[in-house]
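The structure is displayed first.

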Amino acid sequence: MSHKRIPKRKAAIAAGGVVALGAAAILLPNANASQDGSSGDAAAAPKTLKAGDASDLASQLSGLLGEAFGGSYYDGDSRQLVVNVVPGDNNNVIVQAKAAGAKVREVENSWSELQDGASTLKSEATIAGTSWSIDPRTNKLLVTADSTVTGAKWDRLESTVQELGSGMATIKKSAGTFKPFVSGGDAIFAGGSRCSLGFNVTAGDGSPAFLTAGHCTLGGNEWSDTQGGQPIATVDQSTFPGNGDFALVKYDDPATEAPSEVNTGDQTVPITEAAEATVGQQVFRMGSTTGLADGQVLGLDATVNYPEGTVTGLIQTDVCAEPGDSGGSLFTQDGLAIGLTSGGSGDCTVGGETFFQPVTTALEAVGATLGAGGAGAGAGAGDEAGAGEDAGAGEEAGAGEEAGAGQEAGAGAGEEAGAGEEAGAGAGEQAGGDEAGAGAGAGAGQDAGQGVEDNSGLTESR
């Protein structure tokens, strides 16, 4: 019995692609090339590592060092893993960390003590417009307040940070407003909302599916790759707010074909596996509004207090994003899936903070696999989406409603990503009664900015 298949132009789209991207081709170095220039004779010398290998070593040392572990980060210049150690009375932990190939730095705060500080912030200063994450480079909690945190709210936050002590946390103000970036990989549409596809995966039952942001499912249960088009996928599981911002969306056609890869417009980046983020790691983000952008991981285990509710366990970065980029893929040039775009403040003109859902925890929660573990997983949606059509805006996501399958939330004008015409940007998108920012669509004729080459081999577009 033959299966009805989605047209090839839809089925072959890679996760995380964009409708159009005015950037140069990506020249990926050989991901398997050895970067370890050290000899086996220098066992105690810090090893030269790729970021993915450094992440694996950090996980091993976290368990090995126990309470002496104070976090770790990747030094991109030296290509070494720096591990924070609270020495105490046992210097053997330092010897162990060095023997494993890490560069050791003695610090005051253990990882568990920093987590306790984060728990205090949660209980005493959960205020909309605030966030905090653990920054191992400073061995402190990085607390951020957006422009809405003023008056008594600011006093409360500042007082809580002061109670933790100057050696435990720092606080800064952000000029923007924290919000989920609802509106951007490939564009996907539901109920007048537009988001981005993150990564193709294989669901626990073997069916093709993809990951996106959980808050995107406030827009509807059935998703299409064109505005107003026939649904091609249905929400299976969703989390937002709470312990993450992720959703599993299953393709309606079980014969859908698509590999796990990110489409940058000029080239596809094969995704081999999901990996934990490492502070200091260089990462790239794809979104249907702003295309390709890059930056660094700044903090881990971030808590963000959006107007719609608190989300925990995120990755904090300085990678820019805008409304419509939600759900889009965060990855490395080596083909590691790192995160899904959640939200933040600022834009790709002035910068700001952007937070991402770790792919590893999302996969574990929904029981899906990716990369080599999910070969043949579902196709990305949205290639040549809405050709010749304008992008609109103005969707609303219903307040107080839970994101998930079967939910009917969100209404408003449909927005479409157009190829060959300039895409319009519409304001007035609201989520949970609070302004979430302007929806913006990107089209092939839209000026996406000059591609700026960096040393990574990937090209940034702003």
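Is C348 buried or exposed? I find that C348 counts as buried, because its relative accessibility is 11% and buried means under 20% relative accessible area, exposed over 50%, partly exposed in between (1.4 Å probe, protein chains only).

I note that this is a predicted model, in which local features need pLDDT of at least 70, side-chain atom pairs count only at pLDDT 80 or more, and totals for chains, interfaces and linings use all residues. Residues are numbered from 1 along each chain as its sequence is written, and side-chain values use heavy atoms, with hydrogens and water left out.

Entry on C320 and C348. I looked up the partner of C348: C320 forms a disulfide with C348 (a pair of cysteine sulfur atoms within 2.5 Å), the sulfur atoms lying 2.0 Å apart. The torsion about this S-S bond is about 90°, so the link is right-handed. C320 is buried as well, at a relative accessible area of 3%.

Entry on C195 and C216. I searched the whole structure and found two disulfides. C195 and C216 form one of them, with sulfur atoms 2.0 Å apart. The link of C195 and C216 is left-handed, with -95° about the S-S bond. Both C195 and C216 are buried. Counting bonded cysteines along the chain, I record the pattern 1-2, 3-4.

Entry on confidence. The pLDDT (the predictor's confidence in each residue, from 0 to 100) averages 76 over the chain, and 69% of the residues score at least 70.
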